[in-house]
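These entries record what I looked up, residue by residue and strand by strand. I began with contacts and then turned to the sheet.

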Amino acid sequence: DSGNTRVGNSSYSTIIAGYPSYPDRPFAMVGKTNGRVYSGNYVIFNYQAYNDQSIYNSSNGRFTAPVAGYYLFTATLLAGDRDPATNTRWYLNGSQVIWGAAHFNVGSGINVNTTNCRFGLSCQMIYWMNSGNYMNLKIIGNSIYGSSPIHSTVVCMYMGGK
């Protein structure tokens, strides 16, 4: 796909220049329904609401880019019961991405009653991925609740490239 549009008939044509595009914009929306995930583990979402073009692999928890471009990642997570320092990081091809984490840290001087409470976590990031690159979400502090896709969901969507 050159991104160009041709206008005319078989004997001549005019090229209208454009950027290469990917006609079907793959995306996935996945959730966690089979239990809590503890620090040091990648989150493997077992519930797949959408998995267009199989960009999400539920056996290893990877979102794999079928084409180079910008991808939007959003996460809505629920911390484990009474876990005030749950923290996550995105990993691109096995290496930590410096930003794009969802976290809730209770600092000193803040009095929060954590009896039967779970903190909400959310993040959004847009990241350039080459074709074949993959992204994982890892828990690096405390745990996340994983018994309902309403509470632990990630969306990955191809936004386009240039």
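Entry 1. I took contact to mean heavy atoms within 4.5 Å. I noted at the outset that the model is predicted.

Entry 2. Which residues does serine 152 touch, not counting residues up to four places away in sequence? I listed Val30, Gly31, Lys32, Phe45, Thr76, Leu77, Leu78, Ile144, Tyr145 and Gly146. I then placed serine 152 in the loop between strand 13 (143-144) and strand 14. Serine 152 counts as buried because its relative accessibility is 0%, and the cut-off for buried is under 20%. I also looked for a polar partner of its side chain. A polar atom of the serine 152 side chain lies 2.5 Å from the backbone oxygen of tyrosine 145, and tyrosine 145 is also among the residues that serine 152 touches.

Entry 3. I moved on to strand 14, which covers residues 153-160. How many bridges join strand 14 to strand 8? I found seven, with the two strands paired in the antiparallel sense and strand 8 running over residues 69-78. Within this pairing I looked up leucine 72, whose bridge partner in strand 14 is methionine 157.

Entry 4. I next examined aspartate 52, located in the loop between strand 5 (47-51) and strand 6 (56-57). Leaving aside neighbours within four places in sequence, I found aspartate 52 in contact with Arg25, Pro26 and Phe27. I also checked the spacing between aspartate 52 and methionine 157: the two are 105 residues apart in sequence, and their C-alpha atoms are 9.6 Å apart in space.

Entry 5. Cysteine 123 is buried, because its relative accessible area is 9%. Cysteine 156 also counts as buried, at 2% relative accessibility.

Note on methods
Residues are numbered from 1 along each chain as its sequence is written. This is a predicted model: local features need pLDDT of at least 70, side-chain atom pairs count only at pLDDT 80 or more; totals for chains, interfaces and linings use all residues. Side-chain values use heavy atoms; hydrogens and water are left out. Helices (H or I, at least four residues) and strands (E, at least two) are DSSP runs, numbered from the N terminus. Two strands pair if DSSP finds at least two bridges between them. Buried means under 20% relative accessible area, exposed over 50%, partly exposed in between (1.4 Å probe, protein chains only). A polar contact is a pair of N or O atoms within 3.5 Å; within protein, one must be able to donate a hydrogen and the other to accept it, and residues adjacent in sequence count only if both atoms are side-chain atoms.
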